[in-house]
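Here is a short briefing for someone meeting this structure for the first time. Please look through the sequence and the model, then read the notes below.

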Amino acid sequence: MAHLLGGESLHLEFPTKVVFDSVSLGVDEGDRIGIVGRNGDGKSSLLAMIAGRLDPDGGRVTVRGGVTVGVLDQADVLDDADTVGHAVVGETPEHEWAGSARTREVIAGLVADLPWDAELGTLSGGQRRRVALARLLTGDWDVLALDEPTNHLDVEAIAWLAGHLKTRWARNAGALLVVTHDRWFLDEVCTTTWEVHDRIVEPFEGGYAAYILQRVERDRQAAVIEQRRQNLARKELAWLRRGAPARTSKPKFRIDAANVLIEDVPEIRDKVQLQSLAVSRLGKDVVDLLDAGVSYDGRDVLRDVEWRIAPGERTGILGVNGAGKSTLLGLVAGTVAPTSGRVKRGTTVKVATLTQRMDELDEHLNDPVRVVISRLRTSYTIGTGSKAAELTPGQLLERMGFSSAQLSTPVKDLSGGQQRRLQLLLILLDQPNVLILDEPTNDLDTDMLAAIEDLLDSWAGTLLVVSHDRYFLERVTDQQYAVLGGHLRHLPGGIDEYLRLRDHERTAPASTGATGASASAPAAAPALGGADLRAAQKELQAAERRIEKLTAQADAARTALAEHDQSDYVGLGEKMRAIGELDAEIATLEERWFALTEQIG
């Protein structure tokens, strides 16, 4: 592959820190490179130097003649007064951009739902991010440099972006450089990983999963990386290797080597033990939403929600922005009252919510971290059974990436990621038994996300998570639900099933893009006719009835599991297997339902 650009003996320093010291690297045609590392180690600075946005203090960046580099900044640089259409295609005449297959694809994938003439100042953060991506991706670049491209994007937009980039470089000789904390995106898109650490850039073959494998092997052989970090990486590798129920493909790395590395690593979570502890802390009743609904100004946000949350349940919630996810969590937390139906709450329930705001820290901004933590508890228990351990607040802070020097730092002087970690620690030290996490991965790097996941693995309670970070959601939860059309729907097939449902939900005609007007398209003729159509419709109705019946049975089985004697491990195991069989049958039926709806039209 031909060389496109690179750096020779790059040196970069700021007044108080040397960021890079004599770093040399290269980018060739076809490279899809993910850049990872701890916050503050220089990922964005490296990308900026390579893209020509930042001059190194030593060494040089070389670019092959004629090579063009397109950059997506981490910060929002759009003009509020600009319009969606002008921001995406500029002054290009409509007949030119409309004749470009790539431009049409990008517009359809990212901004088709936005009014073409809408001013950017009226858009949300996620919508503005999609406009910025669309503007970049419609251009003809040899190298794309993306800094946190998935920020503010939902699961659907992230999935579309990953598919677009893979397809783009399958038919293009260019290269991709991406800084992101989204590990699913790294694994899906990247073929090479650069780890930025200790003033150097260390390359690894493959995406995130392959990088984790090689890092574990490197740490094991060198024996110079601290034991805690190595164990975290090995534990994460075990999860990657075994796979979450929602993952459709196994990580692409050397299977035999992975098996050797994880042969002595136990299951990520002791589900039976955690369930037992959760029942002892919560009792059998947590929160039941019984035919609950919420309306605002005459509009139904949620309706007919039937959800019996079990002790120890670990659930991810999916849905587009504005679908009602926050309202649903408000019903559970008691901050939102139902306008129909009712909410039944157990007497011992203590709910805590990690919000996107940091209200918990407002009253502590001038206090040192050590003082803030010591006011709550003198110890915190992690682990279960014989592996349970008592940690002091200082040890817990160290586990979450705080150095000894930072214990004396006022809260207001911490970085966004550090404040986010401190916010979570304050909530955990308050000992809730129902924990709600609303976009908990903001401002956190991949190593710190792994540390938080490890901490949650030993947390005995009911966990509800809303996140656009697909990897995190699959990693810390055991099941997923979606808010679709105001209803709560269980997703036995996980996030992949959610994306399929959203595809089927989009029945409105596509926007023309240039004017934002919708063109009325004639209804598509059914793929079947006559007796075949009647038979398919009959089978579809039968499948819907069967899915509804099995879903009710699965919900009842989960309730029975929570009420079962927690010391009867054999009985618990049998009930969990029965629930798994029900979920598998539901997933099979839903696959058939999708196929039938496509045939019927």
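Does D76 count as buried, exposed or partly exposed? D76 counts as partly exposed, because its relative accessibility is 45%; buried means under 20% relative accessible area, exposed over 50%, and partly exposed in between, with a 1.4 Å probe and protein chains only.

This is a predicted model, in which local features need pLDDT of at least 70 and side-chain atom pairs count only at pLDDT 80 or more, while totals for chains, interfaces and linings use all residues. Residues are numbered from 1 along each chain as its sequence is written, and side-chain values use heavy atoms, with hydrogens and water left out.

**The chain as a whole**

- The chain holds 20 helices and 20 strands; these are DSSP runs numbered from the N terminus, with helices being H or I of at least four residues and strands being E of at least two.
- Of its 601 residues, 52% count as buried.
- Among the contacts in the chain with a separation of 6 or more, 70% are between residues 24 or more positions apart, where contact means heavy atoms within 4.5 Å.
- The accessible surface of the chain is about 27000 Å², and carbon and sulfur atoms account for 49% of that surface; accessible areas come from the Shrake-Rupley method with a 1.4 Å probe, and for residues only the protein chains shown count as cover.

- Two packed helices are described by the angle between their axes and the distance between the axes.
- Helix α4 (residues 101-110) packs with helix α5 (residues 125-137) at an angle of about 170°, and their axes are 9 Å apart; axes are lines fitted to C-alpha atoms, for helices over the stretch in contact, and angles run from 0 to 180 degrees between N-to-C directions.
- The two helices α4 and α5 are therefore roughly antiparallel; angles over 145 degrees count as roughly antiparallel, under 35 as roughly parallel, 65 to 115 as roughly perpendicular and the rest as oblique.
- On the α4 side the contact is made by R102, V106 and L110, and on the α5 side by R130, L133, A134 and L137.
- Five of these contact residues are nonpolar, none is polar and two are charged; Ala, Val, Leu, Ile, Met, Phe, Trp, Tyr, Cys and Pro count as nonpolar, Asp, Glu, Lys and Arg as charged, and the others, Gly among them, as polar.
- H164 is found in helix α6 (residues 155-170) and counts as buried, at 2% relative accessibility.
- Not counting residues up to four places away in sequence, H164 touches E105, V106 and L137.

- Helix α16 (residues 446-457) has 12 residues and reaches 16 Å from its first C-alpha to its last, close to the expected 16 Å; the expected span is 1.5 Å times one less than the number of residues.
- Helix α16 is mostly covered, with 12 of its 12 residues buried; among them are charged residues such as D447, E453, D454 and D457.
- Helix α15 (residues 416-429) packs with α16 at an angle of about 5°, with the axes 12 Å apart, and that makes α15 roughly parallel to α16.
- R421, L424, L425 and L428 of α15 meet M448, I452 and L455 of α16, and these residues divide into six nonpolar, no polar and one charged.

- Most residues other than glycine have a negative phi.
- D291, in strand β10 (residues 287-296), has a phi near 50°, a positive value in a residue other than glycine, and D291 counts as partly exposed at 42% relative accessibility.
- D297 lies in the loop between β10 and β11; D297 also has a positive phi, of about 50°, although it is not a glycine, and counts as exposed at 85% relative accessibility.
- V301, in strand β11 (residues 299-309), counts as buried at 6% relative accessibility.
- Leaving aside neighbours within four places in sequence, V301 is in contact with residues including V294, Y296, A323 and G486.
- The C-alpha atoms of V301 and H487 are separated by 8.7 Å, although the two residues are 186 residues apart along the chain.

- Six of the eight residues of helix α1 (residues 43-50) are buried, namely K43, S45, L46, L47, M49 and I50.
- Just after α1, G52 takes a positive phi of about 85°.
- D76 is found in the loop between β5 (69-72) and α2 (84-89), and its C-alpha atom is 8.6 Å from that of G125, 49 residues away along the chain.
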